[in-house]
Structures are given as structure tokens and as C-alpha cells.
Amino acid sequence: MKRFIAGFFVFFVSAIVCIFTYEYVSGSSFSEDVRVFYDEYFVKPVFPEKLLDEGDYNRIYFNALGETEKQAYISLYNNLRTHPKKIDIPFLEKGEMDDVFSALKYDNPELLCIEEGGFIESGKKRCYFLPKYTGDASSCEQKREELRKKADDIIAGMDKNLSDYQKEKYIHDYIVKNCEYADSANQHTPYGVLFDGKATCAGYARAVLLLLTKAGVRNSLVLGQANNASGVMIGHAWNIVYLDGEPYHLDATWDDPVRSVTEKADVISYNYFNITDEAIGRTHQEMSFETNCKAEKFNYFAQEGLLFEKYDSKCKTRLKDAIVKKLGDGEFTCPMRFTSQSEYEKAYTQLFERNEIDSILDNAARQAKVSLNNSYSYSKNDDVFVILVTLN
């Protein structure tokens, strides 16, 4: 009888162990492996229907998900901040989980300390996601609070009467002045931009997303491919900003002085400030959603009176007036943009090969009552048809 009982006990324990044993299935593009377990005794979970503390982000990637994927997104978003070991999610295919995790990253710039990848643990009635974290819950929450306070302080420093365009320019200038394109521990996050002063394109774009949203300006993060310094297409991130209902491309990374047409580190570029699909398409491709950016109204050069359709006598008069205004504001750079390549090339030839810039600067100096000595340098960007004159 004792032998029977002992044998039965061993069998029972072995069966229980088998019930909860993981099987590892590799090959997921998202997770390192998919863990399958047997859970016929578990109750199917009820998933939350709304995001906690959802803020005002324009969650374009969330809105593109299917209903089951949205359930997973909400469940992950509502739980990740407390760093649980596993989070209930609906059953998803591996590619669907890719989409959910990407949507979380691209919609939510305040979601810090979450590593790429993770595990899916799947059974008959329940499915879990096992996240990877870059720090403990307490330190990550402290970083989030620091980030929120810093962002709030930046927004509080703006004039409350600014238009949406002016808010965008204020935030663009703040980021470009206070950050450099470089690797750092937080390089893919707005924390890297606002605290470390170093970030990659993902950090720049997420900082723009965070600050513009807090300022009440609708925008989204867009993913695609862009030329690097060697002309090779690599992954890149920037923003779509919506002004008066129209979308515009804003690439703060490429407006950083390191990517500017000038080598002067204290000069802010606006070459990629609110440009169209056509203009950005010369260097940026394969975007993560249809952008439909066609308007020119809130392009920097249009707003500042520096966008020209033709290089003619009227253009030269406007350019002289623009330089006078710049001098009056204590600025010594004057960019100009042309709407066509032919007029851009014509302007470059006339201004610098035939020296028409000299007379324009003479007239501007007399009107502004300053001495320039015709000492200047110039550079150009063939991709967006911009010429920059810098007074030395």
C-alpha cells in the first residue's frame, strides 16, 4: 500500500510540473522567444477599456491598430509604469505584438525605461507579455517626474499669447540650442534631450512630441528612412505638426547646427521647419503613415518673408529689407529659400558669381546705418533650395 501511495504521489507531482512547464518557440521578430504554457485551470482576464492618464497625445499609431491590438496596447500602457513581471494581454500573432509595442513607443514619449523586445507567454486561456526594463520602478518614476517638471517649466517660459506657429518655433529653437546629436544613456528619449543635452533623432522627435503636446499643438512622430552624411539611407525619426488643420514636416534633428548648411554652432537652421512632402521627399522616404503635407503657409521662410518664387528686382529689394530687419534684431545671418530649383540656381549665380550680393549688402548697411565692409560668407542646401548669407 505504501509503495502504491508513493508511486501515485510521484505521478501526481510529475503531472503538475508538466502542466506548468514552458515550451520555447523561437523565430519571433519581436520577442526573443514565445513561451507556451498550459493554463486550462485559469480564468480568462477582463481587459481595461480606457488608458489611464492618457494626456492629450495624438495617438496616431494606437488609432491604426485593430481592436484586439488596442486591448493589448491599453493593458500594457496602464501597467508598465509599475514594472510588473508580466502583463495580461489578448492572444496576438507575433507580428501584431510588434505593431502594439511600436505604437506604444511612438505615441508616448514619457514612457521611459522600457527596453526593446521582451517575451510573449501564451497558454490556452491566457497570454502574457513579459517586459524588459532598464532600471527599477522607483528610479524610472523619478525620471518621469523630472521630465514632466522640466517640460512644464519650458512651456511656462513661453509667452501665453503666442500663436501655434510661434509656439512651435520656440520649442524647435529650445531643443536645437540645448541639445547636440550624440550618443548618451538616454539617447532615444526626451530625457536625453532635456537633461543630458545629447540624443539621437528618436530623442529629438520624442522631445518635440512631448513639448508641442504640452503646449497644445497637435503633432505626431513619424518614422522613415533618410540620407546620412555618406548619402546612405538609414532609419530616422521626425515629426508631423498640424497648424490650422494642415500637416507639415518638422525635422529638428536636421535643423540642429551639426546638420545645418553652416558650420557655425550658434546658428539655428530652419531648412526642415514645416516643409512639404515634395521638399522632404528628396532626402526622407518610406514614412510610417501617409503624411499628405502640401501646404506652405506655415513654412518658416513663408512666415518670415524669405520664400521667393523668382530671383528678380523685387526679390533683391525684399532680400535687402530682410537683411535690414535682421541687423535691427541683432542677427547676422539671413537665409532665403526658393520654390524651384531653376530660380534657386539662378539666384546663386547672380548673387555670388556676378557679385550682386555686394550692392544688396551696401544698400542694407546704409539703410540700417551700420558698417558691414562687405565681409560675408555663404552656403547652400541643394535639397531644399536654401541659401544662407552670414555677415562676418
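**Close-up views of a predicted model**

**View 1. Helix α13 (residues 341-353) and helix α14 (residues 356-368) have axes that come within 4 Å and cross at roughly 75°.** Axes are lines fitted to C-alpha atoms, for helices over the stretch in contact, with angles from 0 to 180 degrees between N-to-C directions. Helices are DSSP runs (H or I, at least four residues) and strands likewise (E, at least two), numbered from the N terminus. α13 and α14 are therefore roughly perpendicular (65 to 115 degrees). Gln-350, Leu-351 and Phe-352 of α13 make the contact (heavy atoms within 4.5 Å) with Glu-356, Ile-357 and Ile-360 of α14. This is a predicted model: local features need pLDDT of at least 70, side-chain atom pairs count only at pLDDT 80 or more, and totals for chains, interfaces and linings use all residues. Residues are numbered from 1 along each chain as its sequence is written, and side-chain values use heavy atoms, leaving out hydrogens and water.

**View 2. Surroundings of Phe-338.** Beyond neighbours within four places in sequence, Phe-338 is in contact with residues including Phe-308, Tyr-311, Tyr-344, Ala-347 and Phe-385.

**View 3. Tyr-344 and Phe-385 form a tilted aromatic pair.** Their rings are 5.5 Å centre to centre, with 35° between the planes; rings of Phe, Tyr and Trp (its six-membered ring) pair if their centres lie within 6.5 Å, and planes under 30 degrees apart count as stacked, over 60 as edge-to-face and the rest as tilted. Tyr-344 lies in helix α13 and Phe-385 in the loop between β15 (376-381) and β16 (386-391), 41 residues apart. Tyr-344 is buried at 2% relative accessibility, and Phe-385 is buried at 7% (buried means under 20% relative accessible area, exposed over 50%, partly exposed in between; 1.4 Å probe, protein chains only).

Conventions: Parallel < 35°, antiparallel > 145°, perpendicular 65-115°, else oblique.
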